[in-house]
Amino acid sequence: MVDGLDELQRNITKLKLNNKKAAIRGVNRVSELVSDKLKSNTPYDADASDHLRDDIKTTGITGATKGDISKDIGFGKKTGWRYHFPEFGTTKQAPQAFAQRTVNQSKSEALEIYKDELRKGNQL
């Protein structure tokens with residue numbers, strides 16, 4: 001039985017180090033899920049020539065040697081500079097919080113996907 005979030009995090013790190021391929025598969029599947037949800041949640045401005053939703057980028061795998069396998073998901077250089085306007089709002093525009101909504105919507109499904117991949121990889 002796991003008591004506390006810190007112990008859970010330590011156990012997950014041990015599992016990741018034991019089977020990096022499974023952890024990488026899990027991160028890849030989760031990043032696809034989150035980027036798809038981000039694309040569907042990102043507001044679309046018909047008047048703009050470059051749309052945030054069309055410029056969603058995912059980095060490659062990082063941290064594999066340290067057991068902290070991850071990918072970053074965000075917006076490219078072309079449109080990323082203006083992401084914070086619809087996300088947090090301006091004096092003339094209410095905040096839409098689409099990125100935070102994406103994180104909240106994806107969290108439980110992402111954890112399930114990742115858990116399943118680690119279980120398969122570690123034959124649990």
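Student: By class, which residues make up the lining of the largest pocket?
Tutor: This is a predicted model. Sorted by class, the lining of the largest pocket holds five charged residues and six polar ones. The rest of that lining is nonpolar, and the count there is 16.

Student: How many residues line the largest pocket, and which lie nearest its centre?
Tutor: The lining of the largest pocket counts 27 residues. Nearest the centre of this pocket are Val 30, Val 34, Lys 107, Ala 110 and Leu 111.

Student: What volume does the largest pocket have?
Tutor: Start from the general idea. Rolling a probe the size of a water molecule over the atoms shows where empty space is left. For the largest pocket, the volume comes to about 870 Å³.

Student: Which element gives the most to the lining of the largest pocket?
Tutor: Helix H1 (5-18), H2, strand S2 (73-75) and H4 each supply at least two residues of that lining. One of them gives the most, with eight residues: H4.

Student: How do H2 and H4 pack, roughly parallel or roughly antiparallel?
Tutor: Helix H2 spans residues 20-41 and helix H4 spans residues 98-122. Their axes lie 8 Å apart, at an angle of about 155 degrees. Angles over 145 degrees count as roughly antiparallel. Therefore H2 and H4 are roughly antiparallel.

Student: In which hand does H2 pass H4, left-handed or right-handed?
Tutor: The contact of H2 with H4 has 13 nonpolar, six polar and seven charged residues. As for the hand, the crossing of H2 past H4 is right-handed.

Student: Is Asn 19 buried or exposed?
Tutor: Asn 19 sits in the loop between H1 and H2. Its relative accessibility is 18%. Buried means under 20%, so Asn 19 counts as buried.

Student: How far apart in space are Asn 19 and Gly 121?
Tutor: In sequence, Asn 19 and Gly 121 are 102 residues apart. In space, C-alpha to C-alpha, the distance between Asn 19 and Gly 121 is 6.2 Å.

Student: What phi does Ala 97 have?
Tutor: Ala 97 lies in the loop between helix H3 (84-88) and H4. Ala 97 is partly exposed, at a relative accessible area of 31%. Although Ala 97 is not a glycine, its phi is positive, at about 50 degrees.

Student: In what order do the elements of the chain run?
Tutor: The chain has four helices and two strands. From the N terminus on, the order is α-α-β-β-α-α.

Terms used. Residues numbered from 1 in each chain as written. Predicted model: local features only at pLDDT ≥ 70, side-chain atom pairs only at ≥ 80, totals over all residues. Heavy atoms only, no water. Axes fitted to C-alpha atoms, helices over the stretch in contact; angles between N-to-C directions. Parallel < 35°, antiparallel > 145°, perpendicular 65-115°, else oblique. Left-handed = near helix turned anticlockwise from the far one by under 90°. Nonpolar A, V, L, I, M, F, W, Y, C, P; charged D, E, K, R; others polar. 1 Å grid on protein atoms, 1.4 Å probe; cavity = no way out; pocket = protein on both sides within 12 Å on 5 of 7 lines; lining within 4 Å. Points joined across faces, edges and corners; volume = space filled by probe spheres on them. Buried < 20%, exposed > 50% of the residue type's maximum accessible area, 1.4 Å probe, protein only.
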